[in-house]
Structures are given as C-alpha cells and as structure tokens.
Amino acid sequence: MSARARSLLVALGALAVLAVAALGLVLGARPLGPDEPVVRATEPPLTSTPAPTTPTPDPTEEPGPLADLHVVLDPGHNGGNAAAPAEINALVGDGRGGSKACNTVGSSTTSGYPEHAFTFDVAQRAREILVADGATVTLTREDDTGVGPCVDERGQAAQTAGADVLVSIHADGAADPAVRGYFAIVSEPPLNDAQAEPSRALAADLLAALGAAGFAPSSSYPGALSERADLGTLNWAERPAVLLELAEMRNPGEAALIESEEGRRRYAEAVAAGIREWAAGS
Ligand code: ZN
C-alpha cells in the first residue's frame, strides 16, 4: 500500500469515527420532559414584566348548564333615593306614552331595614348562584349608594345588554301587617310579544320556585299574580320581564326573613331556581 493510499484510509477511518460519534449524540440525546421549557436562541430575554394576559378558560372545565343564558337582575330602588328627591321625582317616559317619576324611595321593615338594601343583597346573591352555573348576569346597579338608573332605563336593560330576560327584585310595603306573601307582576295589556306569554311563563316559574322554597304566596293576589299597566320597568321591556315582590316588609314574619342573612340567601336561591327552570323550558 502506498503512503498516499494509507493516508486516505486513515482519513476515511477518522470520518467514520466522527460519523459514529455524531450518530451517538443524536440517538443518545435525552428527549425533553413535559415540564422542561424549550429555549429558543432567538427568544429575547425577559427584561420587563410581561403584559397581563386575559385569562383563558380552562379547557378541562365543563361549561355550566346556563352557559348560553344572559340574565339582567334589577335590584329595585337605590340607597341614595331618599336623599335625592329632585332626581328621583324627575319625570321619565312610562313606556305607554305617559310619564312617571324616575324612581321611588321604596319600602322598609318596621325596624327600618330598607327595601333597596334587601333587593341589592338578594340580587348579588342570585347573581353569584347563576354565574356559578355559567350564566352571564348583568345588574342594573352595581352599588347601593346614590341614585340608580330611572325605571325607563331599568326596563330597557335586558335589550340594552343583549340579555334574554329581566327580573326586577322588590319587596312590597302594604301597611297592614297581616298582609303577607310573594307575588309577581307582569305588564298588562302587553306592549309586545315578550311581555305576553313569555313573561307569564317566567312569572309562573319564579312563583313555583318561591313556593317550592317554602315561602308563602300573597294573601292579596289570587295566584300570586298581579297585572299592571303603570310600571315603567315592565312597560319598557322587550324581553320576558317580571317584577317580583318577594315579601311584605311590614309583615313581622317576613320582615324577620328579610332582615336575616339566611332569609336573603333563601330568597336568592329561589329566584335563581326560578330563572334556571325558565331557561330549561324556554
Ligand atoms: Zn320596590
């Protein structure tokens, strides 16, 4: 073998060793574990706080049963109404071509617990329950201070928010302490299709839920249903809408429920249950 041939063989051998070594590196490379970050050389170093990202829904979490439902809850009145007579007495359209006061002060229990605090507390609790089921819930007011929207704005809140349904939460203030019980009010005569049968179906589900929760139906209104033409909150609605009078604030037994956290929790659960039932059937 010539010297030239020998050096060629040596060179080939060296190449083969290199090739085997390279193959070994590739085959022997440990795959990245699931928790190990892939570091790219082109990635810039993190020198500042990353921009906040919107939370993405957990894909392992099932959407709630009410994921397609958007509810507007209207806690009646507001905490600052009594101190703002000019504002709440200002006239707004009543939805039937007439006019009426923007809002009213509302009622209170004999010991002074106000309707606006009751409605706001129950609405917040009902919202929490419905949101846990996946629903979107809009409140017509987000606090219990100052004056809230006028009744015309509250009545339009469901269509304004693109919601499916409007439930306005109140408690009645009949002067006679013997008068008791929940009732629902619907617009009569209805001004559009939503105020007709769909609102009555909603009222029926809410009343059934209040009854199932053990509350007493109204001693004043047969079937616990009242029909009225003068409520702006109902007249302006273009979605199924009901105004609920959950209790009589001057009735001692119901005042005790209203004033207790447990009572308000039960009212909120019944309201949520009625809406859930309505959503299942509509
Ligand atoms: Zn009221």
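Buried, as used below, means under 20% relative accessible area, with exposed over 50% and partly exposed in between, for a 1.4 Å probe and protein chains only. The model is predicted, so local features need pLDDT of at least 70 and side-chain atom pairs count only at pLDDT 80 or more, whereas totals for chains, interfaces and linings use all residues. Residues are numbered from 1 along each chain as its sequence is written, and side-chain values use heavy atoms, with hydrogens and water left out.

**Exercise 1.** Identify the protein donors of the zinc ion and place its histidines in the chain.

*Solution.* Begin with the donors, which are N, O and S atoms within 2.8 Å of the metal (3.2 Å for Na, K and Ca); water is not among the atoms, so sites may look incomplete. At 2.0 to 2.1 Å from the zinc ion lie His77 (NE2), Glu115 (OE) and His170 (ND1). Along the chain these donors follow the spacing H-x37-E-x54-H. Histidine 77 sits in the loop between strand S1 (70-75) and helix H2 (85-89), while histidine 170, 93 residues apart from it, belongs to strand S5 (residues 165-172); helices (H or I, at least four residues) and strands (E, at least two) are DSSP runs numbered from the N terminus. Finally, both histidine 77 and histidine 170 are buried.

**Exercise 2.** Determine which residues leucine 73 is in contact with, leaving aside its neighbours within four places in sequence.

*Solution.* Contact means heavy atoms within 4.5 Å. With those neighbours set aside, the partners of leucine 73 include Ala123, Leu130, Val167, Ile169 and Ile275, and also Arg127.
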